[in-house]
Amino acid sequence: MRIILATLNAKYIHTSLAIRLLKAYSEHEFEDILLAEYTIKDPAMNIVSDLFQKQPDVIGFSCYIWNIEETIKLVGILKQVMPEVKIVLGGPEVSYEPLYWMKREAGVDFIVNGDGEETFHHLLQEIRDGHKYHFVYGAAYRKGEELIVNPPRPKSDLNTLPTPHRFAEDLPELSKRIVYFETSRGCPFNCQFCLSSIEVGVRYYDIERVKSDLLYLIEGGAKVIKFLDRTFNINRNYAMEMFQFLIDNHQGCVFQFEITADIMRPEVLDFLAQNAPPGVFRFEIGVQSTNDETNELVKRRQNFTKLSRTVMKIKASGNIDQHLDLIAGLPMEDYATFRKTFNDVFAMEPEELQLGFLKMLRGTGLRAQAAKYDYTYMEHAPYEILSSHVMPFSDIIRLKRLEDVLEKYWNSQRLAHSVKYLIRHVFPSPFDFFQEFGDYWEARGWQKIGHQLEDLFTRLHNFLTDRGTPSMDIVTGLMKLDYFLAHKYKPRKIWWEDVLDKSEWAKYLKQIAEQPERISAKLAKSRVSERELQKFIVLDVLPFRLEPVLASISGLRFDGLAGAEAEPQTEAAAEGGAGAGAGSGAVDADGLADGLVENLGLHMAVSGSGKNEGGMVAAGQSDALYSAVAVAEGIVPAPADPHPDARDGRTLLVVLYQQDESQRAQYYALSL
C-alpha cells in the first residue's frame, strides 16, 4: 500500500514537521510512505499531476488556515482523476469541526483529530485490513451516507514517538530551509483567540533526546531551527538547560523561540545577556494588547510592566533580536485604544513588530462568543474579522494601510535611521507616522503597483515633502545613509538630485587614497590605488553634523511615554553613555580604532547596517506634527530645531563596500 503524506507550505523554505512525525511513527509497518511538500502558490494541476504519477493508495494532507482552501480544491480534483484513492485530512484546521469539512467536500474520506501519530497509524491498518473504522479513536469517517466522529484518543506519551528528524532525504535541504522543532506540546494559558488554549497542560520530550536530535540537525548543516513550543520558557529549568546546550553547540545555527516575556526570571535574563552569542537566538513575544479590559475578556494574563522590563533588558544586551506581535480587533479594543497599544509596544523599538488582525479560528472560545461582540468575519480561512462592536470595517482598512508601511519601512530595517528619527523627533507618535504615511500611500495607488528599493526612498521623501515636514535636510541625509547601507555593492544609481560636485568628489577621493589610515587601519593595509578605490567607495556631503543626529537615535528608548496623545513628548533623562558598537551611530572620538586622526575632524567611524547597540541616550520628540501651512497661518508655532548642535558644520559621508566576508557596507563620517 503506497501512502503519500502531503502538505502545502506557505513558502518553499518552510518544512512540515507534522508529516514527518506521521511517517516516523508508521514507517516500521508501512514501508512505502512518501513525503510530498508543495506551496500554496503552486498551480493545482501541477500538484495533482505530481501526486497522480506517484500512484498512491492513500493521501494524507496536513491542514492549516494558510492551506485549507487550496487543499480542499485539490481533494475535489484528485477524487475525479483517482476515485479509488483514500483521502485523509488532519491538522488543527480540521480537528475541531470535522463534520463541516466532510460535508463541504465529499472527496474527504477520513479526518484525524488531535495528535495524529497513533490515530493515523491505526487508520492505515484498518484501511489495509478489516475496515473497522469505528475502532479508530480520534478519527471521523463515512459509513455510506452517514458521517461518524469517533471518541477522542488519549494524548500521546511524547517519548514513545520516534524522532521525525533523521530522514536521510532531508539532509541535502537542511541548510536551505527552516527546520521546525518541538520540545513540548500544549500551553499553560487560556487565551480565547488561540487554539493552543484548548489543550490543557504541557507535555515534554525527554531533554536528552531533544539534545541528540538538535545536534544531529546542527551537524547536518541546519541554518535556522524554529521551535514550535507555545511558551518555550514556561519550565525555567528545562529552558535554561536548553539555552546552555544551544550556546555550547550552535555552530552558527540560528534558533527562534516563542517566549512569554512577563514570566522570564531575572536570573535567566542575566544569563542570556552575559552568554547568548550575538545573532544566534531570536525571541518571538506575543503582546497582542496592552488594554487591561481586553486582556481580561480574552482570559489573557499579562503584566505589561514586567514584559517591558524583559524586552528592554534583552534589547540592552544587543545579543537577541525580538519579534513582537499585536492583534487588532480584540474585544473592547477600538481604534483609539489600539493606537495606545501600538505606541506602548513601539516605544520599545523591537527589531520587528508584527501587526496581525484577529482571526476567528475554529474551536476557539472567541469564535463561540462572536455574537456577543458583534463580530463579522470571513466565512473561509483565514477567518479574519471584518468588524466588531467597537471597530467598524472603516477602521480595519485604516489599520491595514498602517500595517503595509510598517512592514516596508520598519520590519525590513532598510530605513532604520530615517524612520527612527521620524518617530523620535518629528511625529507625535510612531502610530501617527505609520498611519499618515499609510493613508498617503494608498491615496496615490501605490498599493496596486510593485516597487523597487529606490521607490521606498522616493515615496517616503515625497510624503514628507508634501506635508511640509521640518528638518528635511537632516531626514534626507539619513535617508541617503540608509540607501547606501541597503546595498551589498556600490549602487549604480541614486534617487536624489543634489549630487556631490565632481571636482569636490575627486578631491576627497584623492585625500582618502593618499591617507587611507585616516579612515581605517584595514583600508591602509590593503594599499589600494585611487583607481581601485573608486570601485567600492561612495562619497556625499551632508549639510549638518551627523554625529549628534545619530546620537539622538542611538541606544535604547523606553521612557514610559508611549501612547501619549498628539502633544510632543518631553525629552527623557539620559541614562548611561552612548554605545560604541558597530552601527551604534554615537561613538566618541576617544573610543575609535587605531589609525583615526583627530586633526582631520573625524569624530566617529561607524560600520555595519545601522542597528543600534549599547546604552541609553536621551531622545525626546521635540517636533510635533507640523506642516508649513499650519505654521504660516499661525495655527501652531514653528517647531524648535531639535538639533541646533548639528547646524554648525557639515559631514563627509564615506561608505565602503566589499570590505569583508559579511558583505555589509561600512560607513565613516568626517566633520568638515
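What follows is a short chat about confidence, sheets and helices.

Visitor: What kind of model is it, and how are residues numbered?
Guide: This is a predicted model, where local features need pLDDT of at least 70, side-chain atom pairs count only at pLDDT 80 or more, and totals for chains, interfaces and linings use all residues. Residues are numbered from 1 along each chain as its sequence is written, and side-chain values use heavy atoms, with hydrogens and water left out.

Visitor: What does the chain average in pLDDT?
Guide: The average is 87, and 87% of the residues score at least 70. pLDDT is the predictor's confidence in each residue, from 0 to 100.

Visitor: Where does pLDDT stay under 50?
Guide: Over residues 560–638. The model has 184 contacts beyond four places in sequence for that stretch, a contact being heavy atoms within 4.5 Å.

Visitor: OK, sheets. What is the order of the 6 strands in the open sheet?
Guide: The order is β8-β11-β12-β13-β14-β15, with parallel pairing. Strands (E, at least two residues) and helices (H or I, at least four) are DSSP runs, numbered from the N terminus. Two strands pair if DSSP finds at least two bridges between them.

Visitor: And which are the edge strands there?
Guide: β8 (178–181) and β15 (352–357), each pairing on one side only. β14 (residues 321–328) and β15 are joined in the parallel sense over 6 bridges, and I327 has G356 in β15 as its bridge partner.

Visitor: Which strands of that sheet does α11 touch?
Guide: α11 packs on β13 (281–288) and β14, and its direction makes about 155 degrees with that of β13. Angles run from 0 to 180 degrees between N-to-C directions, with axes being lines fitted to C-alpha atoms, for helices over the stretch in contact.

Visitor: How do α9 and α11 cross?
Guide: The axes of α9 (residues 266–275) and α11 (residues 304–317) come within 9 Å and cross at roughly 15 degrees. That makes α9 roughly parallel to α11, a label for angles under 35 degrees.

Visitor: Which residues meet?
Guide: P266, L269, D270 and A273 in α9 meet T310, K313, I314 and S317 in α11.

Visitor: Switching topic: what about the sheet with 7 strands?
Guide: That open sheet has the order β2-β1-β3-β4-β5-β6-β7, and its pairing is mixed. β6 (residues 139–143) and β7 run antiparallel, joined by 4 bridges, with R142 opposite L147 in β7.

Visitor: Which strands does α1 lie across?
Guide: α1 (residues 17–26) lies across β1 (3–9), β2 and β3 (58–62), running at about 175 degrees to β2.

Notes. Parallel < 35°, antiparallel > 145°, perpendicular 65-115°, else oblique.
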